[in-house]
Amino acid sequence: VPENYKLEKAEDYATYEQDALNCIDWLMSTPINEQKAKREEATAFLLKWLIGSPDVSIELNADIITFVESSPDLVIIFLGGWAKYSMQTKDFENKIAGSMAGIEAVIAFYTSNSEFLPKDKNIEKYIKMKESGKLKDYIEKKA
């Protein structure tokens with residue numbers, strides 16, 4: 001999280017794009033049970049950046065983000081996965097690719113943090129779909 005960041009004007013967001021990417025990478029790679037205060041700061045910065053960014057636009061589709069109630073901590077991982085895909089590819093319009101990137105980030109994070117997270121049947125379903133090669137078809141139908 002950058003110190004004393006200011007996100008007031010549209011051009012401020014471009015200044016912090018690399019910080020947002022670094023924040024996403026940190027949230028993804030740091031176990032959920034470690035550095036809780038820093039995780040909260042990183043989540044707050046990333047949410048503020050995502051909400052105001054004139055470039056990155058993420059759709060929160062209840063048919064895709066089926067884990068909001070059961071695993072709310074994973075919503076920021078979904079947002080981060082989609083945002084990272086958009087920033088790296090400059091593809092800001094593709095809802096299917098963005099949703100796929102978000103769900104794949106959730107699957108990776110859930111899998112690597114399984115001992116610290118409650119079992120989630122919704123994410124388990126996504127893992128099975130990915131393993132069987134059916135995840136993209138599902139996302140395409142729901143997006």
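Lys95 is partly exposed, because its relative accessibility is 43%. Here buried means under 20% relative accessible area, exposed means over 50%, and partly exposed lies in between (1.4 Å probe, protein chains only). The model is predicted: local features need pLDDT of at least 70, side-chain atom pairs count only at pLDDT 80 or more, and totals for chains, interfaces and linings use all residues. Residues are numbered from 1 along each chain as its sequence is written, and side-chain values use heavy atoms, with hydrogens and water left out.

Lys95 forms a salt bridge with Glu59, at 2.9 Å from N to O. A salt bridge requires a side-chain nitrogen of Lys or Arg within 4 Å of a carboxyl oxygen of Asp or Glu. Lys95 belongs to helix 5, and Glu59 to the loop between helix 3 and helix 4 (73-89), so the bridge ties together parts 36 residues apart in sequence. Helices (H or I, at least four residues) and strands (E, at least two) are DSSP runs, numbered from the N terminus. Glu59 is also partly exposed, at 28% relative accessibility.

The whole structure holds 6 salt bridges. Among them is the pair Lys9 and Asp12, whose closest N and O atoms are 3.9 Å apart. Lys9 is partly exposed, with a relative accessible area of 46%. Asp12 is buried, at 12%. Another of the salt bridges joins Glu124 to Lys119, at 3.8 Å from N to O. Glu124 is partly exposed, with a relative accessible area of 22%. Lys119 counts as exposed, at 70% relative accessibility.

Aromatic pairs were examined next. Rings of Phe, Tyr and Trp (its six-membered ring) pair if their centres lie within 6.5 Å; planes under 30 degrees apart count as stacked, over 60 as edge-to-face, and the rest as tilted. The count is 5 aromatic pairs. One of them is Tyr5 with Phe45, an edge-to-face pair with 4.7 Å centre to centre and 75 degrees between the planes. This pair links distant parts of the chain. Tyr5 sits in the segment before helix 1 (10-15) and Phe45 in helix 3 (residues 36-52), 40 residues apart. Tyr5 is partly exposed, because its relative accessibility is 25%. Phe45 is buried, because its relative accessibility is 0%.

Phe45 also pairs with Tyr16. The ring centres of Tyr16 and Phe45 are 6.4 Å apart and the planes stand at 75 degrees, so this pair too is edge-to-face. Tyr16 lies in the loop between helix 1 and helix 2 (17-29), and Phe45 in helix 3, 29 residues apart. Both Tyr16 and Phe45 are buried.

Asn113 occupies the loop between helix 5 (95-112) and helix 6 (121-132). Asn113 is buried, with a relative accessible area of 2%. The Asn113 side chain reaches the backbone nitrogen of Ile32 at 2.9 Å. Neighbours within four places in sequence aside, Asn113 is in contact (heavy atoms within 4.5 Å) with Pro31 and Ile32.

In helix 7 (residues 135-142), the buried residues are Leu135, Tyr138 and Ile139. These residues cover an arc of only 95 degrees around the axis, so they are on the same side of helix 7. The arc is that of the directions from the helix axis to the C-beta atoms. An α-helix has 3.6 residues a turn, so residues three or four places apart point the same way. The cover over the buried residues of helix 7 includes helix 5 and helix 6.

Note on methods. Polar contact = N/O pair within 3.5 Å; in protein donor to acceptor, adjacent residues only side chain to side chain.
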